[in-house]
Amino acid sequence: MTVHHTRMLILGSGPAGLSAAIYAARAGMNPIVVQGIQPGGQLTTTTDVENYPGFADVIQGPWLMEQMQAQAEHVGTRMVWDTVTGVDLTRRPFRLNGDGGDVYEGDVLVIATGAQAKWLGIDSEEAMKGKGVSACATCDGFFYRGKKVAVIGGGNTAVEEALYLTNHSPDVTLIHRRDSLRAERILQERLHAHPGITVLWNREVAGFVDGGGTAGLVGLDLRDTTTGETSRLATDGAFVAIGHHPATELFRGHVDLDDDGYIPVQPGTTRTSVPGVFACGDVADKVYRQAVTAAGTGCMAALDAERFLAAAEHESDREAMREPLREKENAEASW
Ligand code: NAP
């Protein structure tokens, strides 16, 4: 068993974790980033990225993550690949246990384990991802300018995505498996008032229709959930918006989670319920979920963590300075 110790331990290697690492390394903290089963995070499964600032040309998600990792390593980050199976946040240094037996210790811990979009899980879905099927309208809606699009789901995300897509598309259809939405009332009102959005109630997607060749998605096969009747809806793009899974199972019982499993942070900071443990990126964000917001909160986490350490070290210095004084006082008292 090898114990790896660092002042700042970062779990997760998406834009949040790597941005935290860049800031921590440049502050001389020699961070360790433990990357799990999907190094680079969600961006490594996307293709074209057009909304990350600084690049006038379309860039590729995996390339962007390689650049972030190279930058993090260049300034002094140590990257390790391991699957963390256990945590101890009851005392500092915090400990993460790797499945091969290695232990990672950090005076502070930054959790940047991200989230995964939920998918419908039907056969044609995997084949059509990136060819007309997406789980992020903010990321990919722009590619469907002037085209017909559909959103699947009935929660806040689905309704927000449908409303967002009206910026690009004159014809948006929201497909929901029941006859009432889960989304907040105000969003429902906006949705129903929008002339460019049609809602198809009681429908589930039975298949994504491939137009063949370079055509990509051309339609959705739908099934009525009350009658079983089938129909086909012509569409150029489909956005699956049925929720996300934040990657927080490891931390359940160790740090506070909200009802959806996300890590709540104190507003305006990345502080979690455990002093010295910080959370950034999608694991703490159910609203924005963008690479650039993840990178931004990663930077915040590194700065919050640095300040926490500085305050803790200042406190222990003061404690150390008090010690000889106390000894002197005790010596004088015993005279
Ligand atoms: P959600 O509230 O869990 O809603 C998921 C929707 O997808 C539900 O309508 C559900 O249908 C549907 N669905 C789930 N599995 C499905 C399947 N296999 N096939 C078809 N439909 C399926 O997820 P969310 O909208 O992503 O929101 C998650 C959390 O983030 C919520 O707490 C939400 O309030 C919050 N959020 C907040 C904001 C904001 O504050 N602006 C924005 C986005 C999200 P049923 O209704 O039938 O279950």
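Colleague: Why does Gln290 count as buried?

Modeller: Buried means under 20% relative accessible area, exposed means over 50%, and partly exposed covers what lies in between, with a 1.4 Å probe and protein chains only. Gln290 has a relative accessibility of 13%, which is under that limit, and therefore counts as buried. This is a predicted model, in which local features need pLDDT of at least 70 and side-chain atom pairs count only at pLDDT 80 or more, while totals for chains, interfaces and linings use all residues. Residues are numbered from 1 along each chain as its sequence is written, and side-chain values use heavy atoms, with hydrogens and water left out.

Colleague: Where is Gln290 found, and what lies 2.9 Å from a polar atom of its side chain?

Modeller: Gln290 is found in the loop between strand 19 and helix 7, where helices (H or I, at least four residues) and strands (E, at least two) are DSSP runs numbered from the N terminus. The backbone oxygen of Tyr288 lies 2.9 Å from a polar side-chain atom of Gln290. A polar contact is a pair of N or O atoms within 3.5 Å; within protein, one must be able to donate a hydrogen and the other to accept it, and residues adjacent in sequence count only if both atoms are side-chain atoms.

Colleague: Is Arg289 buried or exposed, and what is its phi?

Modeller: Arg289, in the loop between strand 19 and helix 7, has a relative accessible area of 17% and is therefore buried. Its phi is near 55°, a positive value in a residue other than glycine.

Colleague: What is the phi of Asn30, and why is Asn30 called exposed?

Modeller: Asn30 has a positive phi of about 45° although it is not a glycine, and it lies in the loop between helix 1 (15–26) and strand 2 (32–35). With a relative accessible area of 56%, Asn30 passes the limit for exposed, so the name applies. Ile32, which has its place in strand 2, counts as buried because its relative accessibility is 2%.

Colleague: Which residues does the cis peptide bond join?

Modeller: The cis peptide bond joins Arg92 and Pro93, with omega about 0°, and Pro93 is found in the loop between strand 6 (84–88) and strand 7 (94–98).

Colleague: How many aromatic pairs does the structure hold, and why is the pair of Phe55 and Trp63 edge-to-face?

Modeller: The structure holds four aromatic pairs. The ring centres of Phe55 and Trp63 are 5.7 Å apart and their planes stand at 85°, so the pair is edge-to-face. By the rule used here, rings of Phe, Tyr and Trp (its six-membered ring) pair if their centres lie within 6.5 Å, and planes under 30 degrees apart count as stacked, over 60 as edge-to-face and the rest as tilted. Phe55, at 33% relative accessible area, is partly exposed, and so is Trp63, at 35%. Ring pairs link Tyr52, Phe55 and Trp63 into a cluster.

Colleague: Which residues come nearest to the ligand, and how far is the polar side-chain atom of Arg178 from an oxygen atom of the ligand?

Modeller: Of the 17 residues around the ligand, Thr157, Glu160, Arg178, Arg182 and Asp260 come nearest, where a residue is near a molecule or strand if one of its heavy atoms lies within 4 Å of it. A polar side-chain atom of Arg178 lies 2.7 Å from a ligand oxygen atom, and a backbone N or O atom of Gly154 lies 3.0 Å from an oxygen atom of the ligand.
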